[in-house]
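Here are a few exercises to work through with the model open beside you. Try each task before reading its solution.

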Amino acid sequence: MPAVIAAVLSFVLAHRLDGVREGTVIAALLVGFIARQFGKALAFVKPLLFPEDYAKSSEEESSDKNAKTTASFSEYASVITIGRQYGSGGSELGQILADKLGYNFYDKEIIEMTAGTTGYSSNYVGEHQESLTNSLLYDLVNHMYTFPETEAPKDKIFDAQSKVIQEIAAKGHCVIVGRCADQILKGRTDCLNIFLHAPLKNRIERVMDKKNLSEKEAKSLILKEERRRADNYHYYTRQIWGASANYHLSLDTSLGYDYVMDVILGTAKRLK
């Protein structure tokens with residue numbers, strides 16, 4: 001990082017690269033990138049070198065898997081996850097669904113729960129939880145160089161959020177909105193994964209009304225938020241956000257809340 005700062009100051013003050021060779025700057029940028037890539041590729045070595053640190057987590061994971069295969073619930077799927085396009089009404093429908101089933105509802109509540117385990121403020125977690133881009137430039141400069149030896153803030157937030165979601169699901173009888181929950185809980189036999197979408201025109205009208213924005217502003221906000229969600233989802237799951245194969249149900253909310261709710265409840269009831 002000192003080399004990068006020196007290069008920037010050189011350009012700002014002298015309008016040329018002076019005192020810092022190009023090779024030094026390139027090496028400074030690449031060292032974090034290379035270290036992080038090798039760290040990911042060799043992650044399997046850690047349990048071999050430090051078996052005692054992974055013994056407890058392995059036991060907990062085994063216990064969780066057993067819970068998944070023996071899960072029982074009275075009438076409906078015990079866990080329901082909802083992915084949603086921005087402006088489709090996914091969060092609102094999730095709350096209605098939770099109320100109908102008498103389930104706990106988790107959306108922004110997850111931010112508070114995650115903040116308590118990361119040391120970051122709830123505002124910071126809320127702003128950064130789904131803002132990660134998968135661009136090479138971001139990975140190289142902001143994500144991999146800055147934090148070559150320690151977990152980057154957004155990785156830390158995602159890991160903490162994943163644990164929170166797993167703990168919530170373990171208790172059962174819950175509706176969880178967004179945050180890659182469908183992939184985090186992948187494999188649970190008691191989990192129904194849903195994706196809610198709607199035509200862009202309908203979403204623009206909804207956002208205009210809800211946010212008091214012009215048509216142009218609403219459209220811009222929708223596209224911006226969807227890029228953020230799609231990039232974040234792909235970065236951490238290596239799956240395509242919104243792809244029907246990742247969900248049990250994919251529903252168009254423009255068909256009407258009552259219809260959508262009936263389909264979800266009918267499917268959740270059969271998932272036994």
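## Exercise 1: the sheet

Strand 1 and strand 4 (residues 191-197) run parallel and are paired through 6 bridges. Strands here are DSSP runs (E, at least two residues), helices are runs of H or I with at least four residues, and both are numbered from the N terminus. Two strands count as paired if DSSP finds at least two bridges between them.

This is a predicted model, in which local features need pLDDT of at least 70 and side-chain atom pairs count only at pLDDT 80 or more, while totals for chains, interfaces and linings use all residues. Residues are numbered from 1 along each chain as its sequence is written, and side-chain values use heavy atoms, with hydrogens and water left out.

**Task.** Find the bridge partner of Ile 80 in strand 4, then work out the order of the strands in the sheet.

*Solution.*
1. Start at Ile 80: its bridge partner in strand 4 is Leu 192.
2. Now widen the view: 5 strands make an open sheet with parallel pairing, in the order 2-3-1-4-5.
3. Look at the edges, where strand 2 (104-106) and strand 5 (249-252) each have a single partner strand, so one side of each lacks a neighbour in the sheet.

## Exercise 2: the cysteines

**Task.** Search the whole structure for disulfides (pairs of cysteine sulfur atoms within 2.5 Å).

*Solution.*
1. The search finds 0 disulfides.
2. Take Cys 174, which is in no disulfide: the nearest cysteine sulfur belongs to Cys 191 and is 7.9 Å away.
3. Check exposure, where buried means under 20% relative accessible area, exposed over 50%, and partly exposed in between (1.4 Å probe, protein chains only). Cys 174 is buried, at 1%, and Cys 180 is buried too, at 5%.

## Exercise 3: an alanine in helix 9

**Task.** Is Ala 170 buried or exposed?

*Solution.*
1. Locate Ala 170 in helix 9 (residues 153-171).
2. Its relative accessibility is 53%, so Ala 170 counts as exposed.
3. Compare positions: Ser 78 is 92 residues from Ala 170 along the chain, and their C-alpha atoms are 9.4 Å apart.

## Exercise 4: the lining

**Task.** Which classes of residue line the largest cavity, and how many of each are there?

*Solution.*
1. Sort the lining by class, with Ala, Val, Leu, Ile, Met, Phe, Trp, Tyr, Cys and Pro as nonpolar, Asp, Glu, Lys and Arg as charged, and the others, Gly among them, as polar.
2. The lining has 6 nonpolar, 3 polar and 5 charged residues. A cavity is a set of points on a 1 Å grid over the protein atoms alone where a 1.4 Å probe fits but cannot get out, and lining residues have an atom within 4 Å of a point.
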